[in-house]
Amino acid sequence: MAKDQAKIDQANSVEHRLRSLYELQTILSEIDRIRTIRGELPEEVRDLEDVIAGLHTRIDKYNHEIEDLRSQSAQEQNKIKVAEEQIATYKTQLDNVRNNREFDLLSKEIEYQTLEIQLSEKRIGQYSREIEAKTAEIASAEENLTDRNIILSDKRQQLEEIISETKKDEEVLRAKAKDLEARIDDTRTLAAFKRIRKNARNGLGVVYIQRNACGGCFNRIPPQKQMEIKMHKKIIVCEYCGRIMIDPDLAGISTEQ
């Protein structure tokens, strides 16, 4: 008598777990549906934020490079000023030379400083061209940044509207799912359900029999296995897709549906 009662209790426990798992599956599928409504907007927003951060980094880099070029250009300007002062001094000294040797030395110094001035002017011209190119790059990046910010603002607004419309429903569903998980007394079965659902392409961890086939992969189920599923005495998984299978009546689904 005690053994019969134990079997009944076990069957009721399995039936309760299966019903709870299917109800949990229904709730989680509805949460998935809400996420589908949001579509790819969250990912698009993240991608745009990454692009904008990259543009800011690029602009900052160009600005630092321009500062360095201007600093180098200023150094070359100082070199030119020093060289010009040296040339003026040497030319003054030329008026008081005492022999050809001094004249040649001063002439060479003037020539050397003149070449230094030409080299500095060449570098200044090069720095100036690089500054112009980087300034143009900054202008292009800033224009791109403005466009991206406008697009990001629109995407964020769309996402916020969708979230505001679905947030309350999602919170209610999550609370129900959490409550259901607490009521399922078999942690191993619950963990297996979550693992199956995570690996399933459509997020279905529990499916009911449809036209003598698995409701997940639609492979035919042998009559004997269908009978075992209808008896609710143990948890049975599909040998093809690994999903937990239940009887349509237990799921509250009519045969016509």
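User: How many salt bridges does the count come to in this structure?

Analyst: This is a predicted model, in which local features need pLDDT of at least 70 and side-chain atom pairs count only at pLDDT 80 or more, while totals for chains, interfaces and linings use all residues. Residues are numbered from 1 along each chain as its sequence is written, and side-chain values use heavy atoms, with hydrogens and water left out. A salt bridge is defined as a side-chain nitrogen of Lys or Arg within 4 Å of a carboxyl oxygen of Asp or Glu. By this rule, the number of salt bridges is 13.

User: Which residue forms a salt bridge with Arg 156, and how many residues apart are the two?

Analyst: The side chain of Arg 156 meets that of Glu 49 in a salt bridge of 2.7 Å, N to O. Arg 156 belongs to helix H3 (residues 100–183) and Glu 49 to helix H2 (residues 41–94), so the pair links distant parts of the chain. Helices here are DSSP runs of H or I with at least four residues, and strands are runs of E with at least two, numbered from the N terminus. The partner is Glu 49, and the separation is 107 residues.

User: Is Glu 76 buried or exposed?

Analyst: Buried means under 20% relative accessible area, exposed means over 50%, and partly exposed lies in between (1.4 Å probe, protein chains only). The relative accessibility of Glu 76 is 5%. Glu 76 therefore counts as buried.

User: Where do the buried residues of H4 fall, seen down its axis?

Analyst: Helix H4 covers residues 187–199, and its buried residues are Thr 189, Leu 190, Ala 192, Phe 193, Ile 196 and Arg 197. They fall within an arc of 160° (taken from the directions from the helix axis to the C-beta atoms), so they line one face of the helix.

User: Which residues are exposed on the other side of H4?

Analyst: An α-helix has 3.6 residues a turn, so residues three or four places apart point the same way. On the other side of H4, the exposed residues are Thr 187, Arg 188, Arg 195, Lys 198 and Asn 199.

Key
The expected span of a helix is 1.5 Å times one less than its number of residues.
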